[in-house]
Amino acid sequence: MSAAPLPNRVNIRKAVTRCAKYSGCLGSEQLPQFAALLDPARPLVDISVEFGENEEGRQFASVEMDARVVLECQRCLQPVHCELKAASRLGLVPGDEQARQLPAGLEPLIAVDEVDLWELAGEELALALPVVAYHPQGECEPPKSDRDDRSDKEERDFTEPASENPFSVLSALLDSGDMKEK
Ligand SMILES: [Zn+2]
């Protein structure tokens, strides 16, 4: 895929009239908020946006996004590579009122005169990000079996009894509460 620069701002009327299609790649320069997440092997977000008007005369933008990010696996806490793909059709509306009138299947994209394609790419990427990431089942990094750093373990063993105290106090309180209710 060519790494053509994607224009930043696009005039809606012109783009819809010409059924214009824009596609290209954005990097951390255009999407600095995702710089730390993008896969260093290919730190680019592929995005294509096609403008048009449907039978009902509604202006829309069809967006396809493809990006590779590196997240932290919530099972083994090691990096997990994720490919994120999104495809959506957005209804171009100038305000909230028109957004509420959009039929199901068209998510509103509120924009007057111009659409910011970089911002749109960032929004699509943010929506595609999983809340939690995991390696596929059974593919997590195995825990280090013969660890020499006993101090780490000893420290944990030492702190565990202390951290249990608040809970035993709490359960004692709850127990006494139960007694009173009964
Ligand atoms: Zn994992």
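Q: How are the donor residues of the zinc ion spaced in sequence?
A: In this predicted model, the spacing is C-x2-C-x58-H-x4-C. The donors are Cys-73 (SG), Cys-76 (SG), His-135 (ND1) and Cys-140 (SG). They coordinate the zinc ion at 2.0 to 2.4 Å.

Q: What arrangement do the four donor atoms make around the zinc ion?
A: Start with the ideal. Four tetrahedral donors have ideal angles of 109.5 degrees at a metal. Here the four donor atoms subtend angles of 100 to 119°. The arrangement is therefore tetrahedral, since all angles lie between 85 and 135 degrees.

Q: Is His-135 buried or exposed?
A: The cut-off for buried is under 20% relative accessible area. His-135 has 11%, so His-135 is buried.

Q: Which strands pair with E5, and in which direction, parallel or antiparallel?
A: Take E4 (residues 59–72) to begin with. E4 and E5 (residues 79–93) run antiparallel, joined by 13 bridges. Val-63 stands opposite Ser-88 in E5. Now take E6 (residues 107–110). E5 and E6 run parallel, with four bridges between them. In that pairing Val-93 stands opposite Ile-110 in E6.

Q: What lies between E4 and E5?
A: The two strands form a hairpin, with six residues between them. Look at Leu-77 in the turn: its phi is positive, about 65°.

Q: What span should helix H3 have?
A: Count 1.5 Å a residue. H3 (residues 117–128) has 12 residues and should span 16 Å. The end C-alpha atoms of H3 are 16 Å apart, which agrees.

Q: Which residues of H3 are buried?
A: Keep the helix repeat in mind. An α-helix has 3.6 residues a turn, so residues three or four places apart point the same way. In H3 the buried residues are Leu-117, Leu-120, Ala-121, Gly-122, Glu-124 and Leu-125.

Q: What does a side-chain oxygen of Asp-116 reach at the start of H3?
A: That oxygen comes to within 3.0 Å of the backbone nitrogen of Trp-118. The side chain of Asp-116 also makes a polar contact of 3.4 Å with the side chain of Arg-9.

Q: Where is Arg-9 found, and which residues does Arg-9 touch?
A: Arg-9 is in strand E1 (residues 9–11). With a relative accessible area of 48%, Arg-9 is partly exposed. Leaving out residues up to four places away in sequence, Arg-9 touches Glu-114, Val-115 and Asp-116.

Q: How many residues apart in sequence are Arg-9 and Glu-114?
A: They are 105 residues apart in sequence, but 6.2 Å apart in space, C-alpha to C-alpha. A polar contact of 2.8 Å joins the side chains of Arg-9 and Glu-114.

Note on methods
Residues are numbered from 1 along each chain as its sequence is written. This is a predicted model: local features need pLDDT of at least 70, side-chain atom pairs count only at pLDDT 80 or more; totals for chains, interfaces and linings use all residues. Side-chain values use heavy atoms; hydrogens and water are left out. The expected span of a helix is 1.5 Å times one less than its number of residues. Buried means under 20% relative accessible area, exposed over 50%, partly exposed in between (1.4 Å probe, protein chains only). A polar contact is a pair of N or O atoms within 3.5 Å; within protein, one must be able to donate a hydrogen and the other to accept it, and residues adjacent in sequence count only if both atoms are side-chain atoms. Donors are N, O and S atoms within 2.8 Å of the metal (3.2 Å for Na, K and Ca); water is not among the atoms, so sites may look incomplete. Four donors count as tetrahedral if all angles lie between 85 and 135 degrees; four count as square planar and six as octahedral if opposite donors are over 155 degrees apart and all others between 65 and 115; anything else is irregular. Two strands pair if DSSP finds at least two bridges between them. Contact means heavy atoms within 4.5 Å.
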